[in-house]
Number of protein chains: 2
Amino acid sequence: ASPLPLILPFFIFSCHSFPSFSTAEATVILRENGKMREKTLTMDTLNPQVKAVEYAVRGPIVTKAGDIERGLQQGQKHPFTEVIKANIGDSHAMGQKPITFLRQVVALCSFPELLNSPSFPEDAKQRARRILQGCGGQSLGSYSASQGVDCIRQDVAVYIEQRDKGVPADWDNIYLTTGASDGIVSILKMLVSGQGRSRSGVMIPIPQYPLYSAAISELEAVQINYYLDEDNCWALDINELHRAYQAAKEHCHPRVICIINPGNPTGQVQSRKCIEEVLHFAYEENLFVMSDEVYQDNVYSPDLQFHSFKKVLYEMGPEYFNTVELASFHSTSKGYSGECGFRGGYMEVLNLDLEVKAQLVKLLSVRLCPPVSGQAAMDVIVNPPLPHEPSYLQFHKEKSAVLGALAEKAQITEQTLNTVPGIKCNPVQGAMYAFPRIFIPPRAVEESLGMSPDMVYCLRLLEETGICLVPGSGFGQREGTYHFRMTILPTTEKLKVLLEKLRDFHIKFLKEYASLEEPKR
Amino acid sequence: ASPLPLILPFFIFSCHSFPSFSTAEATVILRENGKMREKTLTMDTLNPQVKAVEYAVRGPIVTKAGDIERGLQQGQKHPFTEVIKANIGDSHAMGQKPITFLRQVVALCSFPELLNSPSFPEDAKQRARRILQGCGGQSLGSYSASQGVDCIRQDVAVYIEQRDKGVPADWDNIYLTTGASDGIVSILKMLVSGQGRSRSGVMIPIPQYPLYSAAISELEAVQINYYLDEDNCWALDINELHRAYQAAKEHCHPRVICIINPGNPTGQVQSRKCIEEVLHFAYEENLFVMSDEVYQDNVYSPDLQFHSFKKVLYEMGPEYFNTVELASFHSTSKGYSGECGFRGGYMEVLNLDLEVKAQLVKLLSVRLCPPVSGQAAMDVIVNPPLPHEPSYLQFHKEKSAVLGALAEKAQITEQTLNTVPGIKCNPVQGAMYAFPRIFIPPRAVEESLGMSPDMVYCLRLLEETGICLVPGSGFGQREGTYHFRMTILPTTEKLKVLLEKLRDFHIKFLKEYASLEEPKR
């Protein structure tokens, strides 16, 4: 009893949205009882908030890069022999070696028999023993408390106090997380409420890391864009904050301001004065402050330094320090360790209402706990070897080598990009990215036909050179300007190749559109 | 300029909801400009969907147990010397030892220098090398693809094919997850849409594992309860499914059916016939099937066996196998390994619309990837040592010891509980829990005053004996019946102590209310 004849009309009907698959995958199949079996989950019935989510860092260009890579392995011909992925801050994938001490501690925690091995240093063993003491049944395989292992939270608090030159940190305010993303989404989730004009508005920088816009879409919050000042090294301009806030007040209730410092994708390091202005603004306007500080160890300009929002808030006095609600985020994925795969991170909250805090713990408890091996990795980052300990020298050498290489690559990237006509790159003061402005000739813009012109640019770059970048439109940019984000993570040698190919491509691209004029500013 | 005088009226005003804290934590403080600094995030402005979430497995009783435990350590006097936690399926915390082979592989992946160590067996090294080959830069510290490491997904597919006696599994349908919870929430998130009477309804068993009700609350979906048949060993009754479905159709659009097999908290193992009935029902009513199969290795009754929903679907023929949308979930946390802390898991999807699949990958990509060490742990579970490999004997011995002990404890628990007047326990056929019905005298019910009577019961049990269980009301139960969930995870010795204390407490409790009569059925 083949159901085919009856399927056909439906199959034709549904063809416009489902271009090519076998009948088994058609949305409609005849059931035994003569009724149709329809798919329950289609693009029409999919949660519209899920549909609205966009995440360019792993978007279509990256998918295409993966396809090309597999093609190369299978012998397909391309005008290049390898794909260079500079689309994502994934240090180890680009060849960075793990910090030995961190991995020793994680291995010891994973297989405690190694605590008897003479080939592991005593300080790594001491860290591992302490972590295991904090785990149920002394095993990394137990659930931790939803906030994380107590002693690791205590180590985080000590780290923050030292980082902030004595500003007190209470481990009751520390929550270990599954990477920083998890903490950011949890806090945003708490903050979204109201309907219509009273719906929560979330101020985010433009350009931004697209986790923010994705989470805002998913939570149906209102995104409030404040633009960073490209002409001023991507600095945050307090007047722009006021403008964005006043404009947004007309249609939503602005409740949150997100700051990424050092900046992603923009690489700027925020000045102390600017942080103070932002905090004063948040204080005045009753905003909850979310400071994404995952690049706190990634500052390359010798004349700049990282200031935590918390420390500045403290220095502004008790009226600020005791009232402004602040959540700060950190991660194992960046810094000098680059341990993305472990999904470790923490957040520190300040001035959170006590009942709300209990609600936060309840919310986190549904997912039980962050990965405990990621928690262990976080512990090493906040509690590294001390000068008198046996692992200190090697640790210090490895850490300095990573940060030194990044500083060098930040400079090479900026300098080389600025030699290319039609590309202008701000200094890469921190983080792991350059976000240069690229001139795209008007004819190329016209020919983009619905796609964003920088997407077309990056696709062609990938197809012609094997270089995988993310178009600026994935992060947001001022109307009519175009950018891309590239990481500075390839090895120095590979980075130079990348930059050379990029320059050649860009010049060819401009020539093709017969307009080697300088971009309009 | 102390703001205190002006704060006071507000502080008094807010006292009813914030019983005790310092002025620094009051919700309202005077700002320099004379306006009030109000907290942005309070119970009044908190996301109401977050407020609605409940999760009893880590609820108030567990918090109280933690407080008592800390009190004991500090020398506080209680009528017991230790807290016995039987509230959560956390095997290692209850003393179960990790599977050596699994931990060897994870340690090798974490610190690849160990690949040169003669003290690790060759089969563990071979697994670790294969996993590392699949990781960017051969490091566990790289992000994996959002669906997980390719070769691990391939291993999962091979495992499923073997488990299901040759039913084909395509690794394109495998998604590695952060524990099973993460996968379940992701799939539910996709399925929620519509407003009012067309809002998605999700059928869940009662009693259920409260992740389901929590996720449904958070997503504002409509919860549809179908009751398991306590008088028939908690079997799923197809007539009850029809009843629940028809009743729900009046006020929502039922789109999903969730099944937990083996059952949590109810411990039943579903019969093949019953699975077929459920799948036929889902086929007829266009329901998306979510089968939570995390206890697939935990079947203790020698006359029962685990049947996967997928295998049964296959055996029902291509009309079913090629159409019914199914997601099945597994985890590293349960089974014989009990590796909760690694947050490893996978899901397999069947018949998912191709565009929807792309949307799922996009949604997962925002969180980048599941923890890679959890993925490695999952790999060992689906790809354990084979009989000819050097680690086989030890692995087999450890696995059998864990599962043998669990089977023994399942029996001890059921039998002992059934000797207590006023307690009736169904056989613990699988999973890790007993969910006995307890008789609570009418006067004790009356005295509960707003709290659920089984919550009062479990609180008293904790305070008087140190035993930490979860009241049945946290999982759902038929009106007027009372239960608790206890795990069978304590060591046999400790379990016997627990059961004895529980019996004494229950008899005392009944005597106190002067009603030793049998519970009404």
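Predicted model: local features only at pLDDT ≥ 70, side-chain atom pairs only at ≥ 80, totals over all residues.
Chain B can be laid on chain A by a turn of 180 degrees, with a shift of 0.0 Å along the axis and an RMSD of 0.0 Å. The two copies are thus related as by a two-fold rotation axis. The same surface serves both copies, since 100% of the contact residues of chain B recur in chain A. In total, 110 residues of chain B are in contact with 110 residues of chain A. Between them the chains bury an area of about 9,200 Å², and carbon and sulfur atoms give 53% of it. Within chain B, the residues that lose the most area to chain A are Arg37(B), Leu41(B) and Tyr143(B), which together make up 8% of what that side buries.

Which residue of chain B comes closest to the rotation axis? That place goes to Ala107(B), whose C-alpha lies at 2.3 Å from the axis. Ala107(B) is one of the buried residues of helix α4 of chain B, as are Phe101(B), Arg103(B) and Gln104(B). Eleven of the eleven residues of this helix (residues 100-110) are buried, so α4(B) is largely enclosed by the rest of the structure. The cover over these buried residues draws on both chains: it includes α4 (100-110) of chain A, together with α5 (122-133), α14 (372-382) and α15 (392-417) of chain B.

One of its strands is β7 (residues 253-260) of chain A, where seven of the eight residues are buried, so the strand is largely enclosed by the rest of the structure. Strand β7(A) pairs in the parallel sense with β5 (residues 200-206) of chain A over four bridges, and Gly201(A) stands opposite Pro254(A) there. A further parallel pairing joins β7(A) to β8 (residues 288-292) of chain A over five bridges, with Cys258(A) opposite Met290(A).

In soluble globular proteins, nonpolar side chains tend to be buried together. Here the largest nonpolar core holds 353 residues, and the members that touch the most others are Ile257(A), Met486(A), Ile257(B) and Met486(B). Among the residues that Ile257(A) touches, not counting those up to four places away in sequence, are Met203(A), Tyr226(A), Leu241(A), Val278(A), Phe281(A), Leu287(A) and Met290(A).

In chain B, strand β5 (residues 200-206) runs parallel to β6(B), and six bridges join the two. Gly201(B) stands opposite Val222(B) in this pairing. Strand β6 (residues 222-227) of chain B has a covered face, made of Val222(B), Ile224(B) and Tyr226(B), and an uncovered one, made of Gln223(B), Asn225(B) and Tyr227(B). In chain A, helix α8 (residues 211-218) is mostly covered, with seven of its eight residues buried. The buried set includes Leu211(A), Tyr212(A), Ile216(A) and Glu218(A). Just after this helix, Glu220(A) takes a positive phi of about 55 degrees.

A separate open sheet in chain A has three strands in the order β12-β16-β15, with antiparallel pairing. Strands β12 (433-434) and β15 (470-471) stand at the edges, each with a single partner strand, so one side of each is left without a neighbour in the sheet. Strand β15(A) is joined by two bridges to β16 (residues 484-487) of chain A, and the bridge partner of Pro471(A) is Phe484(A).

Conventions:
Residues numbered from 1 in each chain as written. Chains lettered and ligands numbered in written order. Heavy atoms only, no water. Pairing = 2+ DSSP bridges. Core = buried A, V, L, I, M, F, W, Y, C linked by side-chain atoms within 4.5 Å. Buried < 20%, exposed > 50% of the residue type's maximum accessible area, 1.4 Å probe, protein only. Contact = heavy atoms within 4.5 Å. Least-squares fit on C-alpha atoms with pLDDT ≥ 70 in both. Buried area = accessible area lost by both parts, 1.4 Å probe.
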